[in-house]
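Here is a walk through one protein model, taken a piece at a time. Have a look at the structure first, then read on.

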Amino acid sequence: MSESRDSAPGGGVGQASAEPERKPVSAEPSAGPDEPGGSGDARTRLSRRGWTLVLSLVLVLVFGLLGAFVRVPYVALGPGPTYDTLGKVDGTQVVAIDGERTYPTSGELRMTTVSLNDNVTLFGALGLWASGRYALAPREEYFAPGETDEEVRRENVQQFRNSQSNAEVAALRRLGYPVQVVVQEVVSDSPADSVLAPGDRILRIDGEKITNEDDVREALANTRPGQQVTLTFQHEGQTRTERITLAEHPDGDQGFVGFQPVDRADVPFEVGISLEDVGGPSAGLMFALAIVDRLTPGALAGGEHVAGTGEIDDEGSVGAIGGISFKLVAAREAGATAFLVPERNCAEAVSAAPEGLELVKVSDLDDAVTALENLSAGRPVSTC
């Protein structure tokens, strides 16, 4: 409210004849704009409040934009999709065999995955963490420094293809089919670079018959740089023999040829695995079981809904994998009642298993086949 003031003096008593003094127009002026309590002061206070409000809104907006759009150096891990390796995806058989007799199957052999979200914002990370369904992990645990998303994707796809190849060899080897050793990769500027090509079949090294990739390593184990060896191989269906002078091995004193051998099934039929947008090596076990099931009489799963995971090598050994807790959740949500767990993942699996999911311990393909036979027959199985 305005501050009161004394009026200006009027005419004195007894001076009636005198003309009254005129009061100034501003006899009781309101406070000036620079004086306390004036209208200008109210405008100033309002302006300060306005600026405070504007600043607060700007800060909230900036924080909101940062939280909504700026990525944090973490990835979010959670349950991923599952796929029945005995079934179809988008109308295409996941595991198909062409040129060999197959047998009917029943039940499910479901492979499991982990979802990995690299595009995580601050608000997104908080929301995923609060859900209790996802976990956050430092990005450098999954992406090497300077590695792009595309490079990681290509690496995962290659691992997935290797798992398919290993699953095929392991399954067919268990069923008694022969295998052959082929060149998977040739090192540039190595002694083999001008001699071998990917896909060539290795038959002999210095006269020793090569039946698996371990034979190649054993044949070269006691060689030295500068030594010559004789390679007998098949290139585009034609058998050739070449003398190669070994170079110095980058990881030891032995001689170096410069090619990566790998076992492949030597069969007159084709095994195809069709599954898009999946990466990593951990589906190998479930692929191998599906191949065994299709090529043998009787239903291996026996109508049971079984899920599982595990990296497999071409000898059938099952290795540990990551993200087992998320895979267990995904499997149970997909209706699985039993889960094939790599032996080295058992401790972690026990602490994370959802109710109603039996954990079956396996160390190799033989273990897994036996476990499925026992499950379908109602016999006890080895559990974690």
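Predicted model: local features only at pLDDT ≥ 70, side-chain atom pairs only at ≥ 80, totals over all residues.

## Strands side by side

E1 and E5 pair in the antiparallel sense over seven bridges.

Glu108 sits opposite His305 of E16, and Leu109 stands opposite Val306 of E16. As a bit of background, strands of a sheet pair through backbone hydrogen bonds, either parallel or antiparallel.

Residues are numbered from 1 along each chain as its sequence is written, and side-chain values use heavy atoms, with hydrogens and water left out.

The mean pLDDT (the predictor's confidence in each residue, from 0 to 100) is 83 for the protein, and 80% of its residues reach 70 or more. Over residues 1-40, though, the pLDDT is below 50, and this stretch has 13 contacts in the model beyond near neighbours in sequence. A contact means heavy atoms within 4.5 Å.

Now for the wider picture. Six strands make up an open sheet with mixed pairing, in the order E6-E1-E5-E16-E19-E20. At the edges are E6 (135-138) and E20 (358-362), each of which pairs on one side only. From one strand to the next, the twist averages 35°.

Helix H5 packs on this sheet, where it touches E5, E16, E19 (338-342) and E20, and its direction makes about 160° with that of E5. Helix H6 (residues 324-333) lies across E1 (74-84), E5, E6, E16, E19 and E20, running at about 40° to E1. For these angles, axes are lines fitted to C-alpha atoms, for helices over the stretch in contact, and angles run from 0 to 180 degrees between N-to-C directions.

## H3 against H5

Two packed helices are described by the angle between their axes and the distance between the axes. The axes of H3 (residues 149-174) and H5 (residues 284-295) come within 8 Å and cross at roughly 40°, so H3 and H5 are oblique to each other. Angles under 35 degrees count as roughly parallel, over 145 as roughly antiparallel, 65 to 115 as roughly perpendicular and the rest as oblique.

Which residues in H3 meet H5? They are Phe160, Ser163, Gln164, Ala167, Glu168, Ala171 and Leu172, and they meet Gly284, Phe287, Ala288, Ile291, Val292 and Leu295 in H5. By class, the residues of this contact divide into nine nonpolar, three polar and one charged. Here Ala, Val, Leu, Ile, Met, Phe, Trp, Tyr, Cys and Pro count as nonpolar, Asp, Glu, Lys and Arg as charged, and the others, Gly among them, as polar.

## Where H8 comes in

H8 (residues 365-377) packs with H3 at an angle of about 70°, with the axes 11 Å apart. H3 and H8 are therefore roughly perpendicular to each other. On the H3 side the contact uses Ala170, Ala171 and Arg174; on the H8 side it uses Leu365, Asp366 and Val369. Four of the contact residues are nonpolar, none polar and two charged.

H8 meets H5 as well: their axes come within 11 Å and cross at roughly 60°, which makes H5 oblique to H8. Leu285, Ala288, Leu289 and Val292 of H5 meet Leu365, Ala368, Val369 and Leu372 of H8. What classes do the residues of that contact belong to? Eight are nonpolar, with no polar and no charged residues.

Conventions:
Helix = DSSP H or I, 4+ residues; strand = E, 2+ residues; numbered from the N terminus. Pairing = 2+ DSSP bridges.
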